[in-house]
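Welcome, and thanks for taking a look at this model.

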Amino acid sequence: MKLKICGMKYPDNISQVARLQPDYLGFIFHERSPRHFEEKIPALSDQIQTVGVFVDEKVEFISGQIDKHKLSAIQLHGHESPETCRLLKSSGVKVLKVFSIKNEFDFSVLTPYEDVCDYFLFDTKGKLPGGNGYRFDWSVLEQYPSTKPFFLSGGIGLYQIENLKHFQNSKASKFCHAIDVNSQFEIEPGFKDIQLLQEFKSQL
C-alpha cells in the first residue's frame with residue numbers, strides 16, 4: 001500500500017520528508033487553508049509524485065499550477081463536475097476526485113466520475129474540505145461498488161496502525177491504492193514531524 005503525505009508547505013521540511021521516500025507529496029493551493037502553498041517545490045526524486053490539491057478552482061488556474069510546478073497529479077476537493085475532471089485529465093495529469101464520508105455514503109454519486117478520474121479519495125466529512133483531523137467509519141467502504149483504486153484519508157495517525165492493519169485485511173481495502181496522511185503528523189500546520197512519519201512508514 002502506497003503512502004501520500006499531504007499539506008506540505010515549507011521547502012526545507014519538504015526536502016526532509018522527501019528523504020523518507022513517500023510515494024506522493026501533496027501541496028494545497030487553497031488560500032483559506034493554513035497549509036496554502038506559495039513556495040517553489042524543491043527538487044525531488046523521480047519516484048515521488050507531486051499532487052496539487054484544489055477546491056472549486058477554475059480550470060485555467062489549476063492548469064497554470066500544473067505547468068508552474070510540474071505536478072504529477074491533481075486532487076479535486078470541492079464540487080468539481082465530471083466535465084471539469086475530464087478537461088483536466090486531458091492535460092496529461094492523474095486526477096483524484098475527493099468524496100467525503102461520515103457514517104454512510106451514497107456510492108451512486110461516483111458513477112459519473114468513473115471514466116474521468118484515475119483515482120477516488122475518501123476522507124472524513126466535516127466543516128472544512130479536508131483537514132478535519134478525524135476519521136470516518138472505514139467499514140462503509142465494504143459496500144464500495146467500483147474497481148477504481150482509491151486513497152484512504154481523514155485523520156489517520158500513528159495511533160491507528162492497528163486499525164490500518166485490520167483494514168488491510170478487510171474486504172473494504174481491496175481497491176485501496178494509498179494511505180493519505182496530514183494533520184496527525186504536524187508540529188504546526190504544514191510543518192511535518194519527521195520522526196513520527198518515519199515510524200509510521202516503517203510500521204505501515
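Leaving aside residues up to four places away in sequence, Ser-173 touches Phe-167 and Gln-168, where contact means heavy atoms within 4.5 Å. This is a predicted model, in which local features need pLDDT of at least 70 and side-chain atom pairs count only at pLDDT 80 or more, while totals for chains, interfaces and linings use all residues. Residues are numbered from 1 along each chain as its sequence is written, and side-chain values use heavy atoms, with hydrogens and water left out.

**Around Ser-173 and strand 8**

- Ser-173 sits in the loop between helix 4 (161–168) and strand 8 (176–181); helices (H or I, at least four residues) and strands (E, at least two) are DSSP runs, numbered from the N terminus.
- With a relative accessible area of 8%, Ser-173 is buried; buried means under 20% relative accessible area, exposed over 50%, and partly exposed in between (1.4 Å probe, protein chains only).
- Strand 8 is mostly covered, with six of its six residues buried.

**The barrel**

- Eight strands form a closed barrel in the order 1-2-3-4-5-6-7-8, with parallel pairing; two strands pair if DSSP finds at least two bridges between them.
- From one strand to the next, the twist averages 30 degrees; axes are lines fitted to C-alpha atoms, for helices over the stretch in contact, and angles run from 0 to 180 degrees between N-to-C directions.
- Strand 1 and strand 8 pair in the parallel sense over four bridges, and Lys-2 stands opposite Ala-178 in strand 8.
- Strand 7 (residues 150–152) also pairs with strand 8 in the parallel sense, over three bridges; here Phe-150 has Cys-176 as its bridge partner in strand 8.
- Strand 1 is joined to strand 2 by two bridges, and the two run parallel, with Ile-5 opposite Leu-25 in strand 2.
- Four bridges link strand 3 (residues 49–54) and strand 4 in the parallel sense, and Val-53 has Gln-75 as its bridge partner in strand 4.

**Helix 1**

- Asn-13, Ile-14, Val-17 and Ala-18 are buried in helix 1 (residues 11–18).
- Those four lie on the same side of helix 1 because they cover an arc of only 140 degrees around the axis; the arc is that of the directions from the helix axis to the C-beta atoms.
- The cover over the buried residues of helix 1 includes strand 1 (2–5), strand 2 (24–28), strand 10 (191–192) and helix 5 (194–203).

**Cysteines**

- How many disulfides does a search of the whole structure find? The search finds zero; a disulfide is a pair of cysteine sulfur atoms within 2.5 Å.
- The sulfur of Cys-6 has its closest cysteine sulfur in Cys-176, 15 Å away, so the two are too far apart for a bond.
- Cys-6 is buried at a relative accessible area of 5%, and Cys-176 counts as buried at 10% relative accessibility.
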